[in-house]
Structures are given as C-alpha cells and as structure tokens.
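Subject: Structure handover

Hello,

Here is the structure you will be working with. Please open it and keep it beside you as you read my notes.

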Amino acid sequence: MEHNKQDPNQQAHSDNDVIESTPVIEADKVSEPESENPSSTTQKQATNSEASPEKKHRSKSSWWVRFSILICLIIAIGGIGLSYLLWMELQEQKQQLQTQNQQTSVIGSQVTQALVEPNKRIAVLEAQQQQNSQAYQQQAQLAKSQQQLQQRVATLAQRNPNNWMASEAEYLVRMAARKLALENDPKTAASLLTSADERIEAIKDPTLLPIRRALANDLARTNSIKTTDVAGTIYAIDGILNQLDTLPLNRAKAQAAEDLAAQNAISDSVDDWQSNLAKTWHSVTDGFITIRKRTTDLEPLLAPDQQWYLVENIRNKLLQAQLALYQHDQVNYRQSVGFARTWIQQYFDLDEDKTQEALRALDALMTVTIEEINQQKFESTRLLQQLITYGELVPAEEPQS
C-alpha cells in the first residue's frame, strides 16, 4: 500500500525528469521485501519528503538542458540543410562553368580556323611589303648614286674656263623668255638672244654649233612676232589727257558787241539814208530773234559741276585704255577709246581746231591692234642646260624602230 501511495508522486516527477526518477523506482523495488517493518517505512517517508525539493530543482535544470539541446539540434539540422543547399549551388555552378568552357573552346576553335586564311594572307602581304621595301631601297640607292655622278660631272664641267660663258648665255636666254612671257617685249628678247649667241661664239668650240643653230631659230621666230608700240600709244593718250582741260564746250555763241557796233555804225552822209535805215532796223531786230544752223544733235547746256564730271569721265576712260594696253586687252582698249571719242564729239565744240585734233588722235588710236605673243620657250634652253651640267652636249636618243 505504501508503495502504491508513492507511485503517483514518482509519476509526477517522471514527467519532469525521466533520468532522476529511475533510481527512485529502483530504490522502491529494492525496499519491497522490507515492507513488513513499519518503522522502516516511516523512515523512508521522511527521507522522500526531505528529497522532494532537490528533485524539483533538478527537474527545472533538466528542462533548460533539454531546451538547449533541442535548440542545438535545430541549429545543427539548419546548418546541415544550408550546407546541402550550398553544395547543390556549387555543383550547378560547376556544371555551368564546364558548359561555358566547352562553348568557349568550340568558339575558340572556330575563330582559330577562321583566322587561318587571314594570317596566311597577312604573311603573304608582309613578304610582298618586304620585297617592295627592298626594291625601294635599291631605287633610292640608284638615285643617290646618279645624283652623286651628276655632281661629279658638274664639278668636272665647272673646271672648264668656258663654263661661266655658257652660264651667262643660259641666263640671257632665260631672261629673254621672261621678257616675252611677262612683258610681251620681243625687241628686248631679240637683243638678249643676240647677246647669248655672242657668248657661245666666243667659246670657239665647233661642238657647240647645235646651240648656235637653236639660238638662230629662236631669234628668227622672235623677230617675226608682230608687236604693238605700247609706249607710243600711251604717250599719244597722255597728249589727249593734257588737252582735255583746254577743249571748248559746245555753247550757244553770242555775237561780240564790237562786231555789232561795227556792223550797225551809221554814216554821216545823207546819201546813205537807205543803208542807215536798214542798219537801224537790224540793230533793233537782231536782239529779238537769232537763227543758227547745226548739222549735229543739239545738246543742252551743261552746268559747271556737270562739265567737271564730263571731263573726269573722259579722263577715266583714257586711263582705262592705257591699262588695257599694259594688259594686252584688245576689247577693253577699244571700248574705252570709243566712249571717250563719243563724249568729246557730243559735248565739245566741233568748230574748234583743238576738238578736231583730239578726234583725229582718237580715230588713230582706234586702229591700234594689240598682238598676243604665244611663244614663251626657246629651243636653245635645253641645250644650254646640258652644256652647263655635263660640260658637253648629250646626243639625243634615236627612236627604236
């Protein structure tokens, strides 16, 4: 009975602490044979009553231990699950890397195969470039050697005492060409060619006859050029310019008072009464009506400022004609002289001798023809340059048949 009474307490303790209740149960089992002694039973009850607080304290501590063990188990399980997930992700990444490596290797092999032909082409081009560079080097060496040879030949040619005379003749021919090209002066060019021929003749070398023949041909062609007397024409225009201020304008002429007095003088003789009457009548009527005959168009009288503008416009046109002469511009020259002549004929007095002289001079200027010179190079220039460079004439290469 006592053992049965203690079982509910042991069961209550077993709910809280399974480990500690086991020794109690074993103690009860060992004490069952001694249940017949009532004194021992009383002592056991006293001992159990004293041990109950300790069992309670142990039950509380065991609960915290089990809770901590449970948390550790949860953490361990979570760590294991997380480790598994990480391991799976690493495996997927490895697979992806392997796939990418395979794709990269395939693409690399394709690119390598595609670059085989361009590399071959580049190698061929490099070989060609190297050959071209070698050819260029050889050509540069040949040009350098040729230049050195020419310098040596020129040095040897300069040792000839007649070289300076050939240089002077070449300079004179070059100046003659410039006179024709820039100044259109064939007379000066012809004199320069004659001087160059004299320099070649002074050398006294029979091998230079081709140069003298070329100079003779150049001189003949230069002398055959028709030239315009530019200087004389310009001086003629200057004479007209100087006379512009003295040319009389076309005005209505009033009869002089002395002439009228002489015509209308009345005599003292009575026999001249008829003539005296006629003179008296004319002296009265001549002041009212004046009749003059003109063969040209009648121009209105000009104001003083308009007269100044007229003279300056004629002067400007004549200056333009001079400029056209220097530029060998036939069209502008004819137009400028034509305008000046038209204005002088319209606005100046044609009965005066100065006006007629100016018109005759302008008519002569209208007949001037400006010739164009096309010859700008001479045949002797090339031969003289050969003589200066090589010291002798280089024979011309015959055309191959």
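In which helix is Gln386 found? Gln386 sits in helix H14 (residues 380–390). Helices here are DSSP runs of H or I with at least four residues, strands are E runs of at least two, and both are numbered from the N terminus.

Some ground rules. This is a predicted model, where local features need pLDDT of at least 70, side-chain atom pairs count only at pLDDT 80 or more, and totals for chains, interfaces and linings use all residues. Residues are numbered from 1 along each chain as its sequence is written, and side-chain values use heavy atoms, with hydrogens and water left out.

Back to Gln386. Is Gln386 buried or exposed? Gln386 counts as buried because its relative accessibility is 14%. Buried means under 20% relative accessible area, exposed means over 50%, and partly exposed lies in between (1.4 Å probe, protein chains only). Leaving aside residues up to four places away in sequence, Gln386 touches Gly391, Glu392, Leu393 and Val394. A contact means heavy atoms within 4.5 Å.

Now the whole protein. It has 14 helices and 0 strands. Of its 401 residues, 21% are buried. Take the contacts between residues at least 6 apart in sequence: 74% of them join residues at least 24 apart.

Next, helix H5 (residues 163–183). H5 has 21 residues and reaches 30 Å from its first C-alpha to its last. That is close to the 30 Å expected at 1.5 Å a residue, where the expected span is 1.5 Å times one less than the number of residues. The buried residues of H5 include Met165, Ala169, Leu172, Val173 and Ala176. An α-helix has 3.6 residues a turn, so residues three or four places apart point the same way. Just after H5, Asn184 takes a positive phi of about 55°.

Then the core. A nonpolar core is a set of buried Ala, Val, Leu, Ile, Met, Phe, Trp, Tyr and Cys residues joined through side-chain atoms within 4.5 Å. The largest one has 26 residues, and Leu318 is one of those that touch the most other members. Helices H8, H11, H12 and H13 each supply at least two residues of this core. H11 gives the most, with 7 residues. Apart from this core lies another, of 23 residues, with Ala177 and Leu384 among them.

Last, Ile74, in helix H3 (residues 38–114). Ile74 is exposed, because its relative accessible area is 53%.

Best wishes
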